[in-house]
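I opened the model and went through it one topic at a time. My notes follow.

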Amino acid sequence: MNALLKVTGVAKAYGGNRVLESIDFEVRPGEIIGVIGPNGSGKSTLLNAISAFTPIDNGEILLQGKALHGMAAHRIVEQGLARTFQLPAMPEKMTVMEVLLASSTIHHGFWGSLLGSRGHRQAERAGHERAEQLLDELLLRQVRDNAAAALSGGQKKLLSVACALMGKPQLLMLDEPTAGVHPNLRRDMVQTLQRINRQGLAMMIVEHDMHFIRDLCHRCIVLDRGRIVAVCTPAELSSNAHVLEAYLGRGASQPKEAIA
């Protein structure tokens with residue numbers, strides 16, 4: 001199976017601090033990849049590099065065979081990659097539905113001139129239909145008309161996922177989606193993402209919650225000090241010597257709860 005995302009030799013440094021070094025991996029269509037590692041291991045930098053929020057120093061990033069290097073972030077979204085951020089900020093004066101509609105690439109003004117008034121109306125109707133669908137899928141129907149900024153932290157995370165899905169991406173990257181989320185909502189989030197994944201969407205997830213990773217991911221990429229030290233299934237994490245060393249230090253022989 002051809003790779004959806006192929007990362008080869010990616011490196012990033014800030015001065016003398018090498019944040020990423022010789023990063024190589026692939027994400028296959030429909031696969032859910034967990035990206036884990038200790039604080040400062042380069043996880044968020046990797047997501048930022050792939051999504052063009054951080055320029056890389058060396059290497060190549062291909063999405064569906066197309067090089068992303070030098071491409072603007074909004075162009076990468078058009079190629080089929082969308083992402084969320086650890087701390088989603090929501091507009092103060094927009095409802096949940098309005099935020100979703102504003103996130104749709106088919107609501108940009110130039111569509112009216114390209115498609116004419118009839119085509120613009122069709123695109124607008126399709127955007128509303130997609131938004132209504134995502135309200136149901138992301139468990140946001142009951143807050144449809146609420147101010148987006150007034151949502152709980154967990155609901156803001158779900159809304160940010162819904163916004164990322166408005167353009168129907170091929171790959172969704174999530175940066176710590178469960179941080180600050182109530183355990184009950186976390187369980188709902190696992191089920192929701194599994195359901196969306198069954199529709200064919202691939203995901204890359206940076207996360208510290210190992211239970212979430214075990215419940216959701218097919219494979220894990222483990223980073224330590226800017227390098228990939230292990231690629232394994234979630235079930236193999238607690239027995240992998242490189243993972244134990246990354247989290248617990250050299251000579252570690254017993255896993256702790258963080259990776260158990």
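Contact here means heavy atoms within 4.5 Å. The model is predicted, so I kept its limits in mind: local features need pLDDT of at least 70, side-chain atom pairs count only at pLDDT 80 or more, and totals for chains, interfaces and linings use all residues. Residues are numbered from 1 along each chain as its sequence is written, and side-chain values use heavy atoms, with hydrogens and water left out.

**Entry 1: Lys-43**

I looked up what Lys-43 touches. Setting aside residues up to four places away in sequence, I found Val-35, Ile-36, Gly-37, Pro-38, Val-206, His-208 and Leu-223. Lys-43 is buried and has no salt bridge. Buried means under 20% relative accessible area (1.4 Å probe, protein chains only). A salt bridge needs a side-chain nitrogen of Lys or Arg within 4 Å of a carboxyl oxygen of Asp or Glu. Glu-176, the nearest side chain of opposite charge, is 5.7 Å away. The Lys-43 side chain does reach the backbone oxygen of Pro-38, at 3.1 Å.

**Entry 2: phi**

Most residues other than glycine have a negative phi. Lys-168 also has a positive phi, near 55°.

Key:
Buried means under 20% relative accessible area, exposed over 50%, partly exposed in between (1.4 Å probe, protein chains only). Lys and Arg count as positive and Asp and Glu as negative; His and the chain ends are not counted. A polar contact is a pair of N or O atoms within 3.5 Å; within protein, one must be able to donate a hydrogen and the other to accept it, and residues adjacent in sequence count only if both atoms are side-chain atoms.
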